[in-house]
Amino acid sequence: MNTIPSIFNERIPTYTAVGGRERSSCGISAVILNRHGFPRRSFFQELEKTGFDNVISVESRAPNYNIEDLARRYPFIRFILPENEISLGEQINIAASEIDNPLFFVMRSDMKIIAGGYAGRMAERLSVKADNEEKNEHAEKDDKADAESDKKTIYKRLCTVPVIINSNYEALRSLVIPMTYKKKMRTIFMEPQKEGDFTLYPFEGIGIYDRRRFIGIGGFDTTLRHIHWQLMDFGFRAHLWGEEIALNLQVKLLYDGEIPGVDYSVDTYYRHFYLKNLAPVFKNDEAHLPYARFPDFALKSGEDVFTAWKEFKECRKWVINNKEKWKCDAHSVTSRWDNVSIPAQE
């Protein structure tokens with residue numbers, strides 16, 4: 001098992017960036033995860049009209065089209081070419097490292113914004129003015145802070161998820177509800193209903209992220225190669241550390257592609273997720289991974305005791321290094337959805 005990253009950009013994969021420059025300063029960039037070959041010309045034109053400061057397009061390892069030509073035609077787009085195939089979380093981590101805006105909107109290349117207004121309006125809707133206490137803190141640090149304090153904004157949450165519509169203009173079940181089933185963590189998907197409804201994680205990574213908060217929680221754990229457990233780890237860690245991932249009904253995306261199935265395989269990556277998120281105990285405003293958790297973990301891991309101990313010890317060290325960032329335990333996270341009425345799943 002690879003060592004868990006201790007800082008956000010510790011394991012950014014090797015890649016090449018081509019083109020791209022900021023056009024304006026509305027405070028939000030678009031991040032496009034391109035997975036279906038040559039992007040539609042109208043797609044880029046629509047992004048340009050929406051007014052994003054810039055666009056980061058994360059390509060496949062070996063695109064079958066001319067990136068240099070696209071960069072000349074669309075100078076506001078920065079194309080990211082990974083050296084090797086990379087996971088969903090790695091794509092988003094790279095994009096976050098390439099922008100300077102406080103917000104970035106992650107979407108797929110087979111999606112279209114059909115509601116939500118211009119980029120500047122989206123950013124404005126998610127922002128709130130900093131309070132006087134924060135302004136005073138900045139004023140002490142910098143004589144110019146008084147002049148800048150009125151311009152400073154903070155944002156509502158770590159990630160805001162949109163309503164996602166399919167080609168039949170039906171809302172997808174894109175809100176993720178955690179549940180415990182036979183002592184294993186699983187998820188239920190629900191349709192968006194009320195403004196501000198919580199979701200465990202952004203469906204397929206799609207959402208508007210606060211870059212500062214995203215970096216603050218370490219982004220996605222790139223040692224988790226299984227997409228489901230990578231998303232589960234990100235979402236649980238966000239909620240455990242006091243962040244929110246919630247719905248905005250005004251922003252809507254049309255999803256032209258096929259909805260991928262969810263692989264719930266309980267494998268090595270589930271064990272990693274369990275030790276980092278479900279096993280720690282929260283007490284006296286700190287998290288701990290007790291040694292008492294090890295015997296049961298080793299018994300159920302399917303590994304020999306030495307391999308299980310190595311994995312346990314690594315995750316325990318990570319918890320110790322981040323113990324003060326916890327704001328609650330896993331039970332408190334799942335209890336946020338205790339009053340949600342779960343519909344029958346197809």
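A residue is called buried when its relative accessible area is under 20%, exposed when it is over 50%, and partly exposed in between, using a 1.4 Å probe and protein chains only. Helices (H or I, at least four residues) and strands (E, at least two) are DSSP runs, numbered from the N terminus. This is a predicted model, in which local features need pLDDT of at least 70 and side-chain atom pairs count only at pLDDT 80 or more, while totals for chains, interfaces and linings use all residues. Residues are numbered from 1 along each chain as its sequence is written, and side-chain values use heavy atoms, with hydrogens and water left out.

**The whole chain**

The secondary structure comes to twelve helices and 15 strands. Of the 346 residues in the chain, 50% are buried. Contact here means heavy atoms within 4.5 Å. Among contacts between residues at least 6 apart in sequence, 76% join residues at least 24 apart.

**Asp-53**

Select Asp-53, in the loop between helix H1 (41–50) and strand S3 (55–58). Asp-53 is buried, with a relative accessible area of 1%. A polar contact is a pair of N or O atoms within 3.5 Å; within protein, one must be able to donate a hydrogen and the other to accept it, and residues adjacent in sequence count only if both atoms are side-chain atoms. The side chain of Asp-53 reaches the backbone nitrogen of Cys-26 at 2.8 Å, and it makes a polar contact with the side chain of Asn-101 at 2.5 Å.

**Helix H3**

Next, select residues 88–98, which form helix H3. Ten of the eleven residues of H3 are buried, among them Leu-88, Glu-90, Ile-92, Ile-94 and Glu-98.

Move to Glu-204, in the loop between strand S11 (184–190) and strand S12 (207–210). Although Glu-204 is not a glycine, its phi is positive, about 55°. Glu-204 is buried, with a relative accessible area of 9%.

Glu-244 is the next selection, in the loop between helix H8 (227–240) and strand S13 (245–255). Its relative accessibility of 31% makes Glu-244 partly exposed. Which residues does Glu-244 contact, leaving aside its neighbours within four places in sequence? They are Arg-157, Leu-158, Cys-159, Phe-198, His-239 and Arg-336. The C-alpha atoms of Glu-244 and Thr-160 are separated by 8.4 Å, although the two residues are 84 apart along the chain.

Select Asp-285, in the loop between S14 and S15. Asp-285 is exposed, with a relative accessible area of 60%, and its phi is near 65°, a positive value in a residue other than glycine.

Continue to helix H10 (294–301). Its buried residues are Phe-294, Phe-297, Ala-298 and Ser-301. Seen down the axis of H10, they fall within an arc of 95° and therefore line one face of the helix; the arc is that of the directions from the helix axis to the C-beta atoms. In an α-helix there are 3.6 residues a turn, so residues three or four places apart point the same way. On the other side of H10, Pro-295, Leu-299 and Lys-300 are exposed. The buried residues of H10 pack against H9 and H11. After H10 comes Gly-302, with a positive phi near 80°.

**Helix H11**

Select Asp-304 together with Phe-306. Asp-304 caps the N-terminal end of H11, with a side-chain oxygen 3.0 Å from the backbone nitrogen of Phe-306. Then extend the selection along H11. The buried residues of H11 are Ala-308, Glu-311, Phe-312, Glu-314, Cys-315, Trp-318 and Val-319. They cover an arc of only 160° around the axis, which puts them on the same side of H11. What covers them includes H8, helix H9 (268–278), strand S15 (286–288) and H10. On the other side of H11, Phe-306, Lys-310, Lys-317 and Asn-321 are exposed.
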